[in-house]
Amino acid sequence: MVRRGESTVLSGADVTVSAGSRLAIVGENGRGKTTLLHVLAGTLTPDAGTVSRTGTLALVEQTLCAEDERTVGDLIKEAVGDSLTALDLLQSATEALVQGEPGAEHAYARALEVATTLDAWDAERRVDVALEGLGACADRDRHLATLSVGQRYRVRLAVVLGSSTDLLLLDEPTNHLDSAALGFLARSLRERPGGVAVVSHDRVLLREVATTFLDLDPTRDGLPRHYAGGYDGWVDGRHRERKRWEQEHAAQQAEHAQLTRAAEEARGRLRTGWRPDKGTGKHQRATRAAGVVQAFNRRVEDLERHRITVPEPPRSLSWPELPTRAGHQVLHGRDLTVSGRLTQPVTVTVNGGDRLLLTGPNGAGKSTLLGVLAGRVRPTGGSLVVHHDARVALLSQEVPAWNQEHTAYRAYEAQVDRLHSRGLSGDAPSLSGLGLLDTVTLRTPVGRMSQGQKRRLHLAMCLAERPDLLMLDEPTNHLSASLVDELTRALASTPCAVLVATHDRQLLSDLAGWPRLQLTGAQQE
């Protein structure tokens, strides 16, 4: 168990990672995935529970500090230090053996065994292969502080992949990687003899690498769940678990409702139904009255004893009905450019019901184009015409500037009020009805919400606009795989136009049949 202040961040997690393990740790943001990695690595001491470790391990976090004078070569030496030390010891033992020193034979045998186990002779070559495979900087003299965030991360990941560490703990390792690097990462993890535990939202990586899953999302009894059978086993097991949870909760609610009705019926008989016909003797009246009272008391006792012990299961995404008419013009942009940000002139027309996939390398201007179409960025070239009654909503990568003290519910209501003040007609869907946030999160201040919870709230606010065009910029960021699957199905059937910009490999595959708008441009770090 790990607590932060009054909140329990992680509880009830039992996990074993051994040689050959390919464990995926999954769940919504804020469920304690990164916390669990730090507990396993020994960088965080749990408030309850124990951790046993054998062998060597390496934790690759999402960021790498570069405030000191360390170089790429320093990172490499740290990663292969055991191998370099083993080679030095073997060299010393060889010289002692040649000189005939006492005990040299035994020392040489031990040094050779260690060097062989580590495959020490090949250590730096393995790192070089990983640096090349991830497209990372291989200049040993290059200072880390001179590299971009993405370049630093690739160097750190490469040197760990090239090491002989017994256990790798990886936190969102697909960040900052292009398609070729993602393929190299998956192959390296599959072929690695040691154990791997990975936290990731990348569904393709999970499908290609993970054989077992530890799911930290809420369950009937509050305990994490283990699933075998790879990605499909996890998805199927999670679905069956959720169905059982929903059925048990519904059964207890139905039983509680039946007991409540029975108690109310007994109360009604107590008030009127026990009175005997006129002329009945006092003894008979008293006997019948006692029986009715006893029946009522039994019903009340039954109701008081009954408890709903199964918590309410999380709700699934409930997509609202949107009024967009198919073929109704939403917007038209001609030769749109933004100086320094969107250099390729873009012409695009969107009508109701259209689907469009926006692709291109980092730095090509995808997010900028979405900002232009949403009216948040002024184009420096070209023209944009938005139909006078068209509603355009953008799920951007940046969190809006909400009042950090407002609860999720209050922030949503403030957004609805702003929409009404702009003259937008129609009733916005209720926040709870969308199924994006649970009842606890609805009452949580925005400043204390996780990135995933804020992302869900942002999506809810977009849907509150009842948009004719919904644009989503990297919609899978910070969302669980299950919600992304639900969102993908909703996007396929909603009557509004949808424009998606993404690098997510699984989402690109799921939307492969959509028309594409390809932007070009040099990748920027």
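User: Quick overview first. How many helices and strands in the protein chain?
Analyst: The chain has 16 helices and 16 strands. Keep in mind that this is a predicted model.

User: And how much of the chain is buried?
Analyst: Of the 525 residues in the protein chain, 47% are buried.

User: On to the cores. Which residues touch the most other members in the largest nonpolar core?
Analyst: Leu-157, Leu-161, Leu-189 and Phe-213 do. That core holds 45 residues.

User: Which helix gives the largest share of this core?
Analyst: Helix α6, residues 149-161, with 7 residues.

User: Zoom in on Leu-161. What is it in contact with, beyond its neighbours within four places in sequence?
Analyst: Leu-161 is in contact with Ala-130, Leu-134, Leu-168, Phe-184, Leu-185, Ser-188, Leu-189 and Arg-192.

User: What other core lies apart from that one?
Analyst: One of 41 residues. Among them are Leu-434, Leu-470, Leu-479 and Val-500.

User: Why would nonpolar side chains group like that?
Analyst: In soluble globular proteins, they tend to be buried together.

User: Helix packing next. At what angle do α12 and α14 pack?
Analyst: About 25 degrees, with the axes 10 Å apart. α12 covers residues 408-421, and α14 covers 451-464. The two helices are therefore roughly parallel to each other.

User: Left-handed or right-handed crossing?
Analyst: α12 passes α14 in a right-handed crossing.

User: Which residues meet there?
Analyst: From α12, Ala-408, Ala-411, Tyr-412, Gln-415, Val-416 and Leu-419. From α14, Leu-457, Ala-460, Met-461 and Ala-464. By class, the contact has 9 nonpolar residues, 1 polar and no charged.

User: Now α5 and α7. How do their axes cross?
Analyst: At roughly 140 degrees, and they come within 9 Å. Helix α5 is residues 123-133.

User: Which residues make that contact?
Analyst: α5 supplies Val-129, Ala-130 and Gly-133. α7 supplies Ala-180, Ala-181 and Phe-184.

User: Staying in α7, is Ala-186 buried or exposed?
Analyst: Ala-186, which is found in helix α7, counts as buried because its relative accessibility is 1%. Not counting residues up to four places away in sequence, Ala-186 touches Leu-205, Glu-208 and Val-209.

User: And where is Thr-174 relative to Ala-186?
Analyst: Their C-alpha atoms are separated by 9.6 Å, and they are 12 residues apart along the chain.

User: Switching to backbone. What is the phi of Glu-172?
Analyst: It is near 50 degrees, a positive value in a residue other than glycine. Glu-172 is found in the loop between β5 (167-171) and α7 (179-191). At 10% relative accessibility, Glu-172 counts as buried.

User: And Glu-474, what about its phi?
Analyst: Glu-474 has a positive phi of about 50 degrees, although it is not a glycine. Glu-474 is in the loop between β14 (469-473) and α15 (481-493).

User: Buried or exposed, that Glu-474?
Analyst: Buried, because its relative accessibility is 8%.

User: Asp-468 now. Where is it?
Analyst: Asp-468 lies in the loop between α14 and β14. Asp-468 is buried, with a relative accessible area of 9%.

User: What surrounds it, leaving aside neighbours within four places in sequence?
Analyst: Asp-468 is in contact with Thr-324, Val-330, Asp-389, Ala-390, Arg-391, Cys-496 and Ala-497. For Asp-468 and Cys-496, the C-alpha atoms are separated by 4.8 Å. Along the chain they are 28 residues apart.

User: Last one, Asp-202. Where does it sit?
Analyst: In the loop between β6 (195-199) and α8 (203-209). Asp-202 is also buried, at a relative accessible area of 11%.

User: What does Asp-202 touch, not counting residues up to four places away in sequence?
Analyst: Thr-174, Leu-182 and Arg-505.

User: How far apart are Asp-202 and Gln-506?
Analyst: They are 304 residues apart in sequence. In space, C-alpha to C-alpha, they are 7.9 Å apart.

Definitions and conventions
Residues are numbered from 1 along each chain as its sequence is written. This is a predicted model: local features need pLDDT of at least 70, side-chain atom pairs count only at pLDDT 80 or more; totals for chains, interfaces and linings use all residues. Side-chain values use heavy atoms; hydrogens and water are left out. Axes are lines fitted to C-alpha atoms, for helices over the stretch in contact, and angles run from 0 to 180 degrees between N-to-C directions. Helices (H or I, at least four residues) and strands (E, at least two) are DSSP runs, numbered from the N terminus. Angles under 35 degrees count as roughly parallel, over 145 as roughly antiparallel, 65 to 115 as roughly perpendicular and the rest as oblique. A crossing is left-handed if the near helix is turned anticlockwise from the far one by less than a right angle, and right-handed if clockwise. Contact means heavy atoms within 4.5 Å. Ala, Val, Leu, Ile, Met, Phe, Trp, Tyr, Cys and Pro count as nonpolar, Asp, Glu, Lys and Arg as charged, and the others, Gly among them, as polar. A nonpolar core is a set of buried Ala, Val, Leu, Ile, Met, Phe, Trp, Tyr and Cys residues joined through side-chain atoms within 4.5 Å. Buried means under 20% relative accessible area, exposed over 50%, partly exposed in between (1.4 Å probe, protein chains only).
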